[in-house]
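Work through the following exercises with the coordinates open. Each task is followed by a solution in steps.

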Amino acid sequence: MAFPASYVVRAVFAGLAVAALVTGYIGLQTYAKTLNLPSAPLDLLYWDLQLFVFDSAPLDEPEPLPALLEFARFAAPGVTIYTLVDGARLLFAAELRRFRARRSKEHVVVCGTGSPALALVERLRATSTRIVMIGSAPVATTGDRRVLYVRGDARSPATLRAAGIQRASVLYACEPDSSANTAIALAAHGVARADGRRPLSAYALISDPDLCAALRARRLSLPGRPRLRLDFFNLDELAARVLLDRHPIVNEQPVVVIGLDAFGRSLLVEMARRRRLTPAPYPLPVTVIDADAARTVETVCRRFEFVTEVCALTTYNAPPGGLPLGELLPSEPPQRVFVCHRDQDLALKTALTSLRLWHCGPGSLVVRVEEAGTFSRAFEDVHLLEGLSGALRVFAVNEEAGDPRLIGEDLVETLARAIHESYLAENAARRHVRATNPSLVPWESLPSRLQAANRRQAEDIGRKLTSIGCALAPRVEPELHFAFKDYEIEQLAMMEHERWLRDLVADGWTRGPARDEENRRHPDLDSWDNISDAARQKDRDTVRNLPRILATAGFQIVRVG
């Protein structure tokens with residue numbers, strides 16, 4: 001292992017200091033006898049220490065010095081000079097880092113020093129020119145000059161200003177406490193509003209998925225465009241998406257989910273959401289095992305009704321350490337077994353002691369952990385499960401979900417995706433194919449202009465709902481049935497047409513006799529009263545479909561007036 005040059009230099013001077021003390025003491029002892037001076041140990045030690053401050057009394061005598069003392073009288077001041085220079089260098093470097101942090105521009109601010117924050121910083125290193133971390137305790141930054149550190153409470157405006165928040169582009173609040181992260185984001189909003197020259201994007205980590213959904217819903221319902229683009233994210237929800245990208249459900253074989261903590265629930269919903277977009281002859285068999293599986297699955301399905309539409313669910317209320325899991329597995333070997341316990345020791349114990357889980361093929365057993373630092377090296381580098389055909393895969397939530405690209409997909413992006421996914425599902429049910437409609441492609445393949453159109457439609461949802469005394473909320477009480485009144489449908493359809501009209505005009509479209517993508521012509525670029533009945537009906541259908549689209553994203557409309 002190679003040590004930094006500064007460590008080597010410090011070690012050399014530390015050794016030189018010890019050598020100067022020892023040789024100085026012995027030399028002074030000999031010299032004191034020559035001069036008939038007192039040679040008590042404390043006197044010798046006092047004179048020895050004086051060598052380091054250039055003022056040892058016996059050296060004023062004209063007698064020749066012993067060789068050891070001659071060495072010590074130069075070595076000791078050398079150590080003193082190095083210590084002063086190094087201290088000044090460190091002090092100057094600390095002041096320089098504080099200055100660089102305060103004067104940074106277009107940088108990223110990360111609040112927190114725990115695993116989520118550190119994982120995020122590692123991802124940001126590849127894309128960001130400068131990162132400023134705020135926390136209560138310093139962290140190692142591997143000597144990367146792009147990573148600066150500000151010590152303090154990120155909820156304090158003074159600390160945020162010390163991190164240059166007025167000129168930052170993005171802030172991530174990643175403390176363990178969700179309320180602290182919300183307070184940090186709001187404090188950043190206050191600083192940006194008072195001092196900022198440009199809008200700031202802020203993302204707050206919320207550990208509870210339901211609270212995260214509630215905060216996101218309230219954020220979208222706020223009128224206007226504040227200087228702070230504020231959104232909230234949950235690592236379990238993001239990690240579920242990453243996991244299914246990496247370990248997709250590729251056939252009709254059963255899937256097993258063990259543990260319904262937040263990650264297990266998010267995984268079940270995301271699996272069903274993807275299944276819904278892929279036409280299949282029958283529902284996907286999913287076995288769910290948890291201490292309270294039946295009640296938890298019922299709650300999930302009440303909120304996300306499409307889960308039962310695309311998944312054939314079998315639940316077992318089996319607490320950890322109860323019945324052998326092998327007895328609860330489906331008769332057909334599952335294609336994937338996801339062990340999702342929040343307690344990573346319990347998750348690993350489940351995977352390593354349930355022997356029948358080892359026979360489902362390579363990569364079939366996926367275990368959730370918080371961090372991969374220890375476990376991935378143990379199972380992949382050291383090959384602790386070598387001989388099991390690579391059945392086990394360790395998936396680290398903090399590291400995999402700490403992706404700025406995923407975190408940046410705020411609620412508007414989520415709803416824009418939901419709008420497009422609903423469009424895909426409707427056309428799949430009607431057996432429409434891409435050959436007849438080029439828009440029937442996954443969100444990632446959708447042309448950027450159509451993605452932008454979906455985002456603008458999603459961004460306008462809050463404004464429309466506010467206009468009729470309604471608000472967006474997480475779908476926790478689906479029995480509160482909501483239906484638009486006829487006059488509301490007409491009002492919102494007119495608002496949607498006006499929004500669409502403004503967007504197309506701003507994009508350079510003009511009115512023409514027929515739709516012409518190349519020349520940007522459209523026959524409906526006119527006022528509501530002058531467009532065709534078919535065009536009006538299209539806008540009305542968009543409004544009527546809104547409650548169902550929001551439900552697929554886990555939200556519902558509630559009357560508040």
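**Exercise 1.** Describe the pairing of the side chains of aspartate 541 and arginine 544, and state where both residues lie.

Solution. Step 1: the two side chains meet in a salt bridge, with an N to O distance of 3.1 Å; the criterion is a side-chain nitrogen of Lys or Arg within 4 Å of a carboxyl oxygen of Asp or Glu. Step 2: aspartate 541 and arginine 544 both belong to helix H20 (residues 533–552), where they are three residues apart, about one turn of the helix. Helices (H or I, at least four residues) and strands (E, at least two) are DSSP runs, numbered from the N terminus. Step 3: aspartate 541 is partly exposed at a relative accessible area of 34%, and arginine 544 is partly exposed at 40%. The classes are buried under 20% relative accessible area, exposed over 50%, and partly exposed in between (1.4 Å probe, protein chains only).

The model is predicted: local features need pLDDT of at least 70, side-chain atom pairs count only at pLDDT 80 or more, and totals for chains, interfaces and linings use all residues. Residues are numbered from 1 along each chain as its sequence is written, and side-chain values use heavy atoms, with hydrogens and water left out.

**Exercise 2.** Determine which parts of the chain are tied together by the salt bridge of glutamate 479 and arginine 302.

Solution. Step 1: the N to O distance of this salt bridge is 2.6 Å. Step 2: glutamate 479 sits in the loop between strand E13 (470–474) and helix H19 (486–506), and arginine 302 in helix H10 (residues 293–303), so the pair ties together parts 177 residues apart in sequence. Step 3: glutamate 479 is exposed at 51% relative accessibility, whereas arginine 302 is partly exposed at 32%.

**Exercise 3.** How many salt bridges does a search of the whole structure find, and which residues are linked in a network?

Solution. Step 1: the search finds 33 salt bridges. Step 2: the network links Arg456, Asp460, Arg463, Lys464, Glu496, Arg499 and Asp503.

**Exercise 4.** Which members of the largest nonpolar core touch the most other members?

Solution. Step 1: a nonpolar core is a set of buried Ala, Val, Leu, Ile, Met, Phe, Trp, Tyr and Cys residues joined through side-chain atoms within 4.5 Å. Step 2: among the 52 residues of the largest core, they are Val110, Tyr172, Phe263, Met271 and Phe338. Step 3: helix H8 (residues 235–246) supplies the largest share of this core, seven residues. Step 4: another core lies apart from it, with 34 residues including Val412, Val441, Ile468 and Ala493.
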